[in-house]
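Try each task before you read its solution.

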Amino acid sequence: MRALVCREWGDPTKSRAEGGVLGVEDVPAPSRVPPRGIRVRVICASLNFADCLLVRDRYQEKPALPFTPGGEFCGTVLELGAEIRTSGAFRVGQTVAGAVIGGGAMAEELVVPDASAAFVVPAGISPAVASSFPIAYGTAYMALAQRARIGPGTKVLILGAGGGVGLAAVQIAKALGARVVAVARGGDKIRACLDAGADACLDSDALHASSSATDKSETTQSGKTGKTAPRRTFEETFELLPSATRRAFGGALADVLFDPVGGAAFSRGLSSLRWGGQALVIGFASGVIPNLPLNVALVKNVTVHGVYWGAHAAKDPNAMARCGSEVAGLLKRRKLAPKVDVSAMAPLESAHVLFRALEERRVVGKAVVVVSGQEEATRAVVERESSRL
């Protein structure tokens, strides 16, 4: 079978011919399906920032070389493990989506060791969209529903809201009745956040203290946006986040901070929380792991939650399964609508292009590798699906 293979740590944004470390190879198909597992013919695999970190050997977990990236997939069931066959939980030929810890989804076939990490895709949901769901939405739901326990009226500030997990957080927070202020960079991402239901958006390029008053950009559901300041690095932005948050929430600070960005964004986000608020640490897309300002946490009685979704597979699988079931139920009831960036879809051979787009923060929503080879047809389906949402 064909698979995208990483044989050494390094740059995932170039082909091997250009000095990168990812390449498509013919490798043996997985030969054994464990009792609780399923074998899947992969149609699509979506890309997460963690995949970039894995290939660069910068992630908190380190797979053995060589390995195939990809933690989220959608495909058709080829074979059932003995226990799954007896239980009737899945059938051969069904379209399923799910997650695998440690990669493996960017290949023509995949064995999911524990089928509880997969679900049957509801009718009307395309493989590209389904593959964009499990980790991003599982992470956001676990953070917001289980850890922060948000509900109607909770004021949630979401950083990095234009990316896959950020947009998932916007949709889930709104589905749970919260008020949402989303922080994203640039017009396309801000429009995506508004489409996802955000009550207001802040352009991160306009949160720098040297910006003039006329440069401060705040967008509400009216779609009107002020002048946008020049692009800045993550570390140069966010000085004005607390005051902008207070304005956006009508004079109040946030109850909950959702942060997949890290760096300067986290420290200013912490200052954007009310007394007794909660901070959800999701990841470090900025590339900078922040120091926790304990004086702010102390004075404001802030609770900080680390939310590493993948660790629950080993440490708390029951919680993982429960959250997965609940968030899949929201998808089935059409309360959630994962966004795939149609400009960020590519076949296995061009996966490095998507890694580059993700690292350069040009992806609005999720990037998807079309493993089946039906790239144009898959893109057309996603475009039709998006037009109905």
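**Exercise 1: Overall form**

Task: compare the radius of gyration of the protein chain with that of a compact globule.

Solution: For 389 residues, a compact globule would have a radius of gyration near 21 Å, and the protein chain agrees with its 20 Å. That radius is taken over C-alpha atoms, and the globule rule is 2.2 Å times the number of residues to the power 0.38. Next, take the principal axes: along them, the C-alpha atoms fill a box of roughly 60 × 45 × 40 Å.

A word on the source: this is a predicted model, where local features need pLDDT of at least 70 and side-chain atom pairs count only at pLDDT 80 or more, while totals for chains, interfaces and linings use all residues. Residues are numbered from 1 along each chain as its sequence is written, and side-chain values use heavy atoms, leaving out hydrogens and water.

**Exercise 2: A helix and its surroundings**

Solution: After α4 comes R149, with a positive phi near 50 degrees.

**Exercise 3: Partners of a phenylalanine**

Task: which residues does F258 touch?

Solution: Set aside residues up to four places away in sequence; F258 then touches, among others, A140, A143, L144, L280 and I282. Contact here means heavy atoms within 4.5 Å.

Note on methods:
Helices (H or I, at least four residues) and strands (E, at least two) are DSSP runs, numbered from the N terminus.
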